[in-house]
Amino acid sequence: MRRFKPWLLALWSMSALAASGEPVVVMTSYPEEVMSRFEEAFSEAHPQWRVQILWRQGYDALPWLRQPEQGGVDVYWAPSPGNFERLAAENAWQPLGVDLRGLPARIGATPLRDAQARYQATELAGYGFASNPQRLLQLGAPTPKDWPDLLDPRLREHIALPDPARVGYAPVLLDIVLQAYGWERGWALWSELAGRARLVSRGGSLVSDEVASGRSALGLSIDFFVASAISNGQPVRFTYPVHGGLNPAHIAISAASKHPDGARAFVRFVLSEAGQRLLADPEIRKLPVRPDVYRSLPAHYPNSFRSAQRGTFAYHNSSAERLALVTSLFVQWLGQPHERLNALWQRIHAGEAAGHDLSAVRACLSEPPVSASAAEAPALLALFAARPSAGMDSVPTSEQEPLGQQEIAWQFYSAQRQAEAQRLLEAMGL
Amino acid sequence: MNTRCALLVLGLLLSAGGHAEVQREAFAQPLPALASDAQLDQFFKGRGLFRQAWVIAPSADESAQGLGPLYNRITCIACHPRNGRGQAPGDSEAPMRSMLVRLSVPGTDAHGGVLPHPVYGDQLNENGIPGVPGEGRAHLDWQYSEVTLDDGQRVELREPRIRFSELAYGALNDVQTSARVGSAVFGLGLLEAVDAQTLQQLASAPKADGVAGRVNWVWSVERQRLEVGRFGLKANQPDLPQQIASALHGDLGITTALYPQQNCTPAQIECQQAERGPQPELDAQRLSALHFYLAHLAAPPRRKRDAAPIKQGEQLFSELGCGQCHIPRLTTGQHPNYPALSRQPIEPYTDLLLHDMGAGLADHRPDYLASGREWRTAPLWGLGLSEVITPGAGYLHDGRARTVTEAILWHDGEARPARERFSALPAAQRELLMGFLRSL
């Protein structure tokens with residue numbers, strides 16, 4: 001990627017300083033609705049400061065913030081935890097320098113700021129199940145409460161599963177299950193679920209659209225997508241599973257900020273009660289990180305801190321390379337051969353319904369290509385840490401490279417094990 | 001239509017129309033005519049582009065790069081919130097978030113259109129990418145007045161005065177200005193399908209009260225000829241692709257095959273020297289997806305149209321003379337791209353013609369044949385849902401009217417007799433009229 005010329009950045013900074021409005025440059029990846037509401041409310045609360053939004057997807061923000069002068073950015077605010085961690089290690093943040101009283105350092109297993117308070121969570125999004133009550137009623141299936149409930153035979157072909165290779169939030173869904181149930185049992189659940197579900201390859205809101213339309217009775221999603229659909233009158237509900245997870249969106253002030261006072265004012269505002277209450281706007285619908293704010297929200301508004309006390313959010317956010325690894329594993333092992341996987345699981349379920357013991361066949365489809373300990377090997381994780389990414393899509397690697405060779409090996413494993421499952425089924429006349 | 005599409009569309013339609021109290025997605029529905037997976041895919045692709053945040057090039061986000069060098073906002077949806085109208089800032093120091101100010105100097109360009117300001121171009125771009133100073137800030141200073149209706153009710157009106165600050169490229173002297181809020185973007189494909197002959201017939205049809213109405217003739221960049229104008233507040237764009245490409249270019253700084261040059265004037269050196277990504281920044285395929293999306297966004301259906309008070313209000317609408325310009329019903333002709341939009345009865349409540357609206361609304365900025373006092377008749381379909389979907393959105397070209405009543409009271413020129421009849425109505429009848437307008 002080419003970089004901006006330093007003199008252009010300097011000129012931009014000078015022009016910004018010359019302006020009486022002194023724009024605070026906020027880099028974010030939030031949708032228009034979030035940006036507009038916060039920009040407007042901040043300007044009203046602090047008319048002396050003007051905000052200029054510099055929009056960058058999470059994967060595209062790192063190169064920008066690593067430029068000289070950090071690309072003129074004063075504040076980075078985004079639901080990309082890995083970026084904050086990586087840049088903190090590079091001393092890219094200055095101390096926040098704002099009063100953090102009333103803001104817990106942790107919710108469930110999720111830390112809400114780093115030990116030096118260089119970045120702080122501003123809101124949370126919860127993972128869970130979007131459901132269409134009418135369609136569930138038609139299917140005679142209860143609303144699933146936790147992940148194993150998704151394997152209810154009545155839900156077969158009625159679950160929309162966001163493709164982890166294409167939908168940004170989906171890798172964490174994989175990881176929540178792997179953490180909650182362990183590597184082997186977790187992957188067995190994913191194999192069977194993938195074998196019953198339809199892979200949805202477009203953006204998150206489409207899962208809500210598909211569930212609301214009744215095409216799927218259930219979909220795996222994030223709470224704010226579904227809450228937005230609900231507030232728009234769509235016939236859809238959201239359930240936080242017993243084993244849930246949260247994605248925090250942090251905020252930090254760049255070490256090179258030219259407007260630290262304005263940046264600090266913006267951070268204070270986002271974390272203030274007024275800023276936190278904005279999160280409940282029907283256009284935003286995120287979970288505040290200031291527990292006191294929940295008291296002023298409608299009674300039905302989900303209280304993430306109360307849920308955490310019940311143990312709902314025991315998930316600990318994994319590193320970017322771990323998420324890239326589990327995504328790739330899903331794609332190579334379960335995603336690419338999805339059609340065949342689906343057909344095999346259908347035969348297994350039919351056979352079991354007829355009273356056959358198909359545990360050996362199940363094992364062929366359920367045992368992942370790598371063990372839990374192998375998946376934690378630094379050398380393997382390093383391959384994924386180095387993987388270039390272009391948004392939702394990982395850049396394909398060549399078979400000449402170690403990463404490409406690894407992924408091909410997983411594909412080959414998948415083909416072998418599926419062939420073995422098929423052989424076993426045929427041997428039993430199924 | 002296969003089952004998947006039927007269910008998806010039905011669900012979307014139900015979500016808009018099935019919940020009387022919650023209709024916030026009513027401006028975001030596809031026309032029922034969409035009949036295949038491929039069409040729905042194209043619709044959703046266009047929807048994604050309309051909501052996409054554009055980023056500064058160079059970027060790893062290749063499909064979204066190209067913002068600026070000068071721009072107003074970074075998404076289309078910013079100026080058309082929930083596909084509805086934008087809003088004028090009530091505070092003169094508040095930034096314009098869903099509106100902009102058009103600029104020009106006296107005279108015309110080679111095709112009869114506006115002559116852009118030699119330094120600032122044809123609209124004020126408040127923002128610039130790094131290294132390119134934004135052009136400055138526009139403010140609306142409000143002047144307030146009061147109108148008394150015949151029954152004694154007083155209505156406060158406000159009128160904006162445009163003021164500039166922080167001008168980065170020198171003073172803006174002798175400039176023609178026109179403040180514009182973003183327009184609603186549904187129903188546009190059907191309006192595109194109204195054929196030119198129909199518009200000319202409407203223009204030449206005899207009308208009462210001195211109402212005239214005329215067609216604007218504007219330049220088609222693609223076909224390199226003058227054509228009937230139908231989009232834009234002064235009907236200065238001939239078709240939807242050009243309207244879309246023009247807005248992308250002017251508001252976001254996105255180049256297309258129709259507008260391949262960056263939006264920099266010769267005097268804006270930093271703008272001209274700014275780094276750029278692959279050109280055009282929006283290719284023909286994606287422009288086509290945006291066109292498809294906007295062409296197939298349905299206007300919301302009317303509600304409670306058969307209720308007696310609504311029918312009484314409708315009758316009043318006609319008796320006051322409103323329907324001479326806000327023509328209730330039209331039939332589309334042949335759509336150039338999408339047959340499903342052809343020969344459809346529609347209820348847009350517009351004639352798409354230019355009318356003299358009087359001195360109070362004049363922007364004194366001619367645009368092709370449209371004089372400074374002339375504006376295209378605003379379509380009224382969806383009007384009744386505006387308060388639900390985009391509360392606070394302004395009416396009229398610059399968002400000055402905070403209510404429909406205020407908007408009516410600004411009508412002058414050819415619309416003066418109709419406005420005077422409205423002012424003379426007793427309160428109960430005015431409410432019947434408003435009830436009808438809320439049903440649109």
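A residue is called buried here if 20 or more other C-beta atoms, placed from the backbone, lie within 10 Å of its own; with 12 or fewer it is exposed, and in between partly exposed. This is a predicted model, in which local features need pLDDT of at least 70, side-chain atom pairs count only at pLDDT 80 or more, and totals for chains, interfaces and linings use all residues. Residues are numbered from 1 along each chain as its sequence is written, and chains are lettered from A and ligands numbered from 1 in the order in which they are written.

**Stop 1: helix 9, chain A**

Select residues 223-231 of chain A. Helices (H or I, at least four residues) and strands (E, at least two) are DSSP runs, numbered from the N terminus. Of the 9 residues in this helix, 8 are buried, so the rest of the structure largely encloses it. Colour the buried ones: D223(A), F224(A), F225(A), V226(A), A227(A), S228(A), A229(A) and I230(A). Then step to G233(A), just after the helix, where phi is positive, at about 90°.

**Stop 2: helices 13 and 17, chain A**

Select 320-335 and 378-385 of chain A. The two axes (lines fitted to C-alpha atoms over the stretch in contact, with angles from 0 to 180 degrees between N-to-C directions) come within 8 Å and cross at roughly 90°. Helix 13 and helix 17 of chain A are therefore roughly perpendicular (65 to 115 degrees). Contact means C-beta atoms, placed from the backbone, within 7 Å. From helix 13, show E321(A), R322(A), A324(A), L325(A) and S328(A); from helix 17, show L380(A), L381(A), F384(A) and A385(A). By class, this contact has 6 nonpolar, 1 polar and 2 charged residues. Nonpolar covers Ala, Val, Leu, Ile, Met, Phe, Trp, Tyr, Cys and Pro; charged covers Asp, Glu, Lys and Arg; the others, Gly among them, are polar.

**Stop 3: helices 14 and 18, chain A**

Move to 338-353 and 402-427 of chain A. Here the axes come within 11 Å and cross at roughly 30°. Helix 14 and helix 18 of chain A are therefore roughly parallel (under 35 degrees). Show R340(A), L341(A), L344(A), R347(A) and G351(A), which meet Q418(A), A421(A), Q422(A) and L425(A). The contact has 4 nonpolar, 3 polar and 2 charged residues.

**Stop 4: the sheet in chain B**

Switch to chain B for an open sheet of 3 strands, in the order 3-2-7, with antiparallel pairing. Strands pair if DSSP finds at least two bridges between them. Strand 3 (114-115) and strand 7 (176-181) are the edges, each pairing on one side only. Select strand 2, residues 99-108: 2 bridges join it to strand 3. Finish at V105(B), which stands opposite L115(B) in strand 3.

Definitions and conventions:
Parallel < 35°, antiparallel > 145°, perpendicular 65-115°, else oblique. Contact = placed C-beta atoms within 7 Å.
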